[in-house]
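Please prepare a short briefing on the pockets of the structure shown below.

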Amino acid sequence: MFPLDTRTVDRLAKVVVDHGGAYERKGYELAALFKQAGWSAPPEYDGSPRIPWFVEQLTDRQDDQAAITRLICRVCDPIEYDDGSATSEVFRAEVNAILEAEGLVVALAAGRPVLGELGKNGDQPIYSEPPDFRRRIEALIADSRTVDMLMRRLEETRICESGGAYTMAIIGIGSLVEGLLHALLTERDADLRTNGFPDITQRPGGQQRGRMKADRVSLQLLIETAHAKDWIQLDAKKFTDTVRDFRNFVHPRKELSERPRFDQDSVMLCWAPVHALLNDLEENVSPVKA
């Protein structure tokens, strides 16, 4: 659990640096790893011994759970390596062997690494809301009213989840994703804000419907637009098939037709890609200027 034990940090540093091993990282590669993990003011390598230097960087950020989480996930991310999952799976296995003592595990959600807690039986990761959510979205969204609104929705989602109202919790998670992406895209892209969103969703025969007004844009199009901007590395369809489809149970007719049996595991299934989404946004979208 966080903050990580000092011995855990030492072991992680040895795995990441892999001094003298097949996957050894040079000093400049370590510095690049922090940058690719979306760390604010990423450290520059100073030429000192690499493992102690790496430990020092993790120790300095030990209270920033989101930053440590993104770094761990980046080490296990197929996009980090030229051969993709061939190398990332080697690192994920070694990292998970170290994290087991902390009750943590890196799993894949829609093809992206996500850090979760180990279940009681140690065989299945458990996911809940992303840690330190307010601070993290405040770094991405400039409008304070939007941040306050998203936090209210998060609180209501917590109440639903803890009270066993799993359908409403899942709908709440979908609304958080929609609000976060809509704010980001409209704040940072004047063309989208003024002229609407080009319909880039996949349709039979490749048909498109021109532009959709910013105040009418669908969650599917928000996800695919963010993906097209390389803000999120998630496969848009896989992401949509979980969060978006589950969010659509806001319509009673859909529930009557499909008769889902939502439970705590269903809610966790939706939280996992939200972790991956937020990690990707923090890696690829510059923070709001103070």
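The lining of the largest pocket is made up of seven nonpolar, four polar and eight charged residues. Here Ala, Val, Leu, Ile, Met, Phe, Trp, Tyr, Cys and Pro count as nonpolar, Asp, Glu, Lys and Arg as charged, and the others, Gly among them, as polar. This is a predicted model, in which local features need pLDDT of at least 70 and side-chain atom pairs pLDDT 80 or more, while totals for chains, interfaces and linings use all residues. Residues are numbered from 1 along each chain as its sequence is written, and side-chain values use heavy atoms, without hydrogens and water.

**The largest pocket**
- A pocket is an open set of points on a 1 Å grid over the protein atoms alone, where a 1.4 Å probe fits, with protein on both sides within 12 Å along at least five of seven lines; lining residues have an atom within 4 Å of a point.

**Glutamate 282**
- Glutamate 282 is located in helix H13, where helices are DSSP runs (H or I, at least four residues) numbered from the N terminus.
- Glutamate 282 counts as buried because its relative accessibility is 13%, buried meaning under 20% relative accessible area with a 1.4 Å probe and protein chains only.

**The second largest pocket**
- The second largest pocket has a volume of about 260 Å³.
- Its lining holds ten nonpolar, six polar and three charged residues.

Methods: Grid points are joined across faces, edges and corners, and a volume is the space filled by probe spheres set on the points. Helices (H or I, at least four residues) and strands (E, at least two) are DSSP runs, numbered from the N terminus. Buried means under 20% relative accessible area, exposed over 50%, partly exposed in between (1.4 Å probe, protein chains only).
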